[in-house]
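Good morning, and thank you for coming. Please look at the sequence and the structure while I speak.

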Amino acid sequence: MNLLLLSNSTQHGRGYLEHALDTVTGFLPAGARLAFVPYALADHDTYTARVRGALADAGIDVRGVHEGGDPLARLDEADAVFVGGGNSFRLLSALYRTGLREALVKAVRGGLPYMGASAGTNMAAPSLRTTNDMPIVEPPSFETLGLVPFQINPHYLDPDPGSTHKGETREERLREFLEENDVPVLGLREGSWLRVEGDRAVLGGERDARLFRRGTAPRELAVGSPRTYLLAGRGVFPPAPPPCAPGAPRAPRGVPRPRP
């Protein structure tokens, strides 16, 4: 597969995609017809226009999958796909509703270049469970695209030792995730990204990443270093609960199915 997974699309003090523009335009085929998936935000037209404006000088033809009435047709005619950021729950719900979830898995595993940012990067993991977002809608499942076998936490924020905020830090939340799931989590700080080409994965951008594993202390991963081992193996999620009998309380939803 051919993936570019950005932690964020907008960096402080810079325009949309500006901090990663050379990497983005180098990743996309020259003159590409780019299918943009805008479903993480409510205003699809404005969002698509923003992406179109950011990539116009590079000669990239941006087409929103919502334009023309058939998202699957827009994907079929594309040379690459970009899944934008916003609310991950809203995005995943729309992918299921439109049939794009299954179509994306098939197309990207068949070689279609996939670029994600923030929520779009969350979609590349096996599960929605390491998103930072509020569940404003309920998707049919937490199972995402599974393009990589580990979890990703975009916009990763380091704990601030001087903070008086009593809520959980990002690190505490990811440790809680690992108490229930034995799956590595890559914390991508803002300004960083992961590039995957076939069986090779390399960190890029301005800041190092942080890797969380069950039973071990978090470790720093340097920008520019190959991290191919991240693509090996499969994580372990709790098994799905049995179906409820008629009239019984509803079973929890959103448990990813095991992958071979």
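I begin with a term: a polar contact is a pair of N or O atoms within 3.5 Å. The model before you is predicted, and in it Asn-87 caps the N-terminal end of helix α4. A side-chain oxygen of Asn-87 lies 2.9 Å from the backbone nitrogen of Phe-89.

Let us stay with this helix. How many of the 11 residues of α4 are buried? The helix, which covers residues 88-98, is mostly covered, with 8 of them buried. Among them are Phe-89, Leu-91, Leu-92, Leu-95 and Tyr-96. Just after α4, Gly-99 takes a positive phi of about 85°.

I turn next to the surface. Met-134, Ile-136 and Val-137 make a nonpolar patch of about 280 Å². Met-134 is located in the loop between α6 and β6 (151-153). Is Met-134 buried or exposed? Its relative accessible area is 61%, and because exposed means over 50%, Met-134 counts as exposed.

My last topic is the charged side chains. A search of the whole structure finds 16 salt bridges. In one of these, Asp-158 pairs with Arg-207, and the closest N and O atoms are 4.0 Å apart. Asp-158 is partly exposed at 34% relative accessibility, and Arg-207 is partly exposed at 37%.

Glu-220 is partly exposed, at 42%, whereas Arg-189 is buried, at 6%.

Glu-220 also forms a salt bridge with Arg-210, where the closest N and O atoms are 3.3 Å apart. That pair links strand β10, which holds Arg-210, to strand β11. Arg-210 has a relative accessibility of 16%; buried means under 20%, so Arg-210 counts as buried.

Which residues do the shared partners join into one network? They are Asp-158, Glu-171, Arg-175, Arg-189, Arg-207, Arg-210 and Glu-220. Thank you for your attention.

Methods: Residues numbered from 1 in each chain as written. Predicted model: local features only at pLDDT ≥ 70, side-chain atom pairs only at ≥ 80, totals over all residues. Heavy atoms only, no water. Buried < 20%, exposed > 50% of the residue type's maximum accessible area, 1.4 Å probe, protein only. Helix = DSSP H or I, 4+ residues; strand = E, 2+ residues; numbered from the N terminus. Polar contact = N/O pair within 3.5 Å; in protein donor to acceptor, adjacent residues only side chain to side chain. Patch = residues over 30% accessible without salt bridge, like charges linked within 9 Å, V, L, I, M, F, W, Y side chains within 5 Å. Areas by Shrake-Rupley, 256 points an atom, 1.4 Å probe, with all protein chains shown as cover.
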